[in-house]
Structures are given as structure tokens and as C-alpha cells.
Amino acid sequence: MTVTLADVAARARVSPATVSRVLNGNYPVAASTRERVLRAVDDLDYVLNGPASSLAAATSDLVGILVNDIADPFFGIMAGAAQTQIGGPGDGTGRAGGEKLAVICNTGGSPERELTYLTLLQRQRAAAVVLTGGAIEDPDHQTAMAAKLAKLADAGTRIVFCGRPPLPGGDALVAALAFDNRGGGRRLTEHLISLGHRSIGYVAGPPERTTTRHRLEGHREALRGAGLDGGDGEGVGGDGGRLTVHGPYDRRSGYEATLDILRREPGITAVVAANDTVALGACAAVRDQGLRIPQDISVAGFDDLPFSVDAVPALTTVRLPLFEAGARAGRLAMGKENPPPGGIATIAAELMIRGSTAPPRVG
């Protein structure tokens, strides 16, 4: 049953005109009244009518692209690539063709903000939504996300995941393009082990993120395969997790976590970072301790962001085809490409061996 503006007014105990004023933002309304109306809108999951041009159709010309941090190249590359397929050039006359208006929604990594943006896109009858990056592994949030995405899909919105695995029971998705983070993490650590490294520090991302868990699982699989894990799954040689430190996906985290690891275990010969930005911080920490890369300590990253090849020395990392994945997500969102079988595709990760890793120093 469709929820009407009158239903919202009754729930908030105000007139329909007041509800309209709050939603349109074109008339001053008391803060307490506004809060009551917005709470009723959320409780009833009321969808605001979009622009007049969309009233006769199921959806508008709007496409939302959700990112954690648009300033992070990992998200910026995927979002930019998706936008090339969503809002690309028309016929050169300045007239709109089949393009959509792509809007970047920066969540800041907040699960609440992620849900808020989906609600706003639902009210605007978004034609499609592309969600990028790892998901938050919280059961309550996953349940809320599944319910919200189902409502979007029921209204005709095409939903694509890019760089994240599907939700449990994610039938609302057109497709989920998931990176092989686990395989990439395993091959990276196997490379270090093949060079002779046995004491390897690991700077992980936020523990609640799927990307963090999968990359760390791959790292630990490689350790176990070489007989370097004490069986607790928490680090090298049964160290109880002393060589694994979690933090944000940023340079400062890489710097501080690497200093922490070096204090705990001065004898480490390699550091694996959760991504290339974290790896830059790790490199700075190593140098500030008077150590050389890779002569004293090898450092490796993940993602193969544009700056990784220009680092000194160039960063050994795992390449994820971010632009290709983003462009494919954009085509799927626009219906330009058929979904993969079963709606799920795993995108391979490629090991890029460069100058920041070498065999450990002898003696």
C-alpha cells in the first residue's frame, strides 16, 4: 500500500501543508516540528515525488554512486569510471541523450550515512545506485541495507555493487563485482615468503570491513601454508597477534602502526600494508627509524594506486583493475551490459613486483 503525504501528516500530527513545507524546504518550520515530520517520513518510508519529468515514469535521470571517501584514489577512480558510462558525452550538440545525472554520495565510512543516502535516492526515484568499496560486517546494518535495497529495487532502481561482495540474500542486486582480495593478499605474502621473509608485520584496515577481513585472511593463509602461523590465526609464529595492527585506510595509520610493530618486534624483515596509502605511511616510519627499504625492511601495499609506481623505491603491490571495474559497474547500472551469471563476478587481482621488496639481509 502506497504511503501518502496525508499519512505522514497524520503520523506527525501536523497538516499536509506542513509536511510539504518541511520536505520542500521552502518555508520556515520550527525545529521540533521538522524533526517530527522527518521521523514520520522515515518510519513510514515515504517516498517524495521527484521532479515533474519523472512523475510519469518509474525512475528519474538520477544515479547515485556511494563512496567512503572521494578523496581516496581507490574510490575516486571507480566513481570516475562509473560516471563515464552513466553521464558520458552525448551527441555533441549539448542535448541530453541516454545519459543520467551521476551524483557522488560521500559516506565517510558511516553506516548511518550510507542508509541516509539510500533513503534520499529512493525519494528521488533514482534510476540506479552503485555502491563501491567494502561492506560493514554488522548484522543489524546488513539487515537494514537489505531492506532498503529491496525497496529501491521494487521501485525500479538498478543496484550494482562494485568492489564489495553481495549481501546475504541480496536478491535486489543487478550485479555484485567483488575483488579477489583474499587471493591477492595470499599471493602478496607468498611472494615475501618466497624471498625468505619469516617475520612479517601486517598493517590491517578497520576490522569491521569485508575488505580488511578478506585481505588479512589471504595473508594468514599464506603464513599457514609456510608453517609460520602458531595455529591461533593471529599472526606469525604464534605471536598472539603482535605483528598485526588495525587502523584506518590512511597514511597516518600506516605510519603509527608500523612504529608500533617495530617496537614490538624489532627483528621483522617485512611489512605488508592494507593498501598503498597505508604503505606510504609504513615506508615513512621505516625510514624515520633509520632503516632502508628494501635492504633492511621490505614494504608492500595493495590496490596499485597511481602513485605506487612513483614511490621510491617503487611499491610492490597487488593491482586491482579499479577503472575497469568502475566502468563495468556503470554499464550494468545503465543496462548497457548483461549481468554476470548468477549476478556475481569475482575480479582477479594481479601481483606487481617492484623495488620495495627484496630478500632479507643476511647477518
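**Reading helices, cores and buried residues**

Modeller: In this predicted model, helix α7 (residues 181-195) and helix α8 (residues 210-225) pack at an angle of about 35 degrees, and their axes lie 7 Å apart.

Biologist: Why do you give both an angle and a distance?

Modeller: Two packed helices are described by the angle between their axes together with the distance between those axes. For α7 and α8, the crossing is right-handed.

Biologist: Which residues in α7 meet α8?

Modeller: N181, R182, G185, R186, T189, E190 and I193 do. On the α8 side, their partners include T211, H214, R215, G218 and A222. To say they meet is to say that heavy atoms come within 4.5 Å.

Biologist: Happy with that! Now, why is K148 called buried?

Modeller: Buried means under 20% relative accessible area. K148 has 11%, so K148 is buried. The residue lies in helix α6 (residues 139-154).

Biologist: And what makes the pair K148 and T119 a polar contact?

Modeller: The cut-off is 3.5 Å between N or O atoms, with one able to donate a hydrogen and the other to accept it. The side chains of K148 and T119 are joined at 3.1 Å, so the distance is within that limit. Leaving out residues up to four places away in sequence, K148 also touches D45, L115, L118 and Q122.

Biologist: How do you know that A128 is buried?

Modeller: Its relative accessible area is 1%, and the limit is under 20%, so A128 counts as buried. A128 lies in strand β3 (residues 128-132). Among the residues A128 touches are L62, V63, T157 and A333. A128 and L62 are 66 residues apart in sequence, yet 7.3 Å apart in space, C-alpha to C-alpha.

Biologist: What makes a set of residues a nonpolar core?

Modeller: Its members are buried residues of the nonpolar kinds, such as Leu or Phe, joined through side-chain atoms within 4.5 Å. The largest core here has 45 residues, and I65, F74 and F179 touch the most other members. Apart from that core lies another, of 18 residues, including L262 and V278.

Biologist: Why might nonpolar side chains gather like that?

Modeller: In soluble globular proteins, they tend to be buried together.

Biologist: And for the whole protein, how many of the 363 residues are buried?

Modeller: Buried residues make up 50% of them. The protein has 11 helices and 12 strands. Among contacts between residues at least 6 apart in sequence, 72% join residues at least 24 apart.

Conventions. Residues are numbered from 1 along each chain as its sequence is written. This is a predicted model: local features need pLDDT of at least 70, side-chain atom pairs count only at pLDDT 80 or more; totals for chains, interfaces and linings use all residues. Side-chain values use heavy atoms; hydrogens and water are left out. Helices (H or I, at least four residues) and strands (E, at least two) are DSSP runs, numbered from the N terminus. Buried means under 20% relative accessible area, exposed over 50%, partly exposed in between (1.4 Å probe, protein chains only). Axes are lines fitted to C-alpha atoms, for helices over the stretch in contact, and angles run from 0 to 180 degrees between N-to-C directions. A crossing is left-handed if the near helix is turned anticlockwise from the far one by less than a right angle, and right-handed if clockwise.
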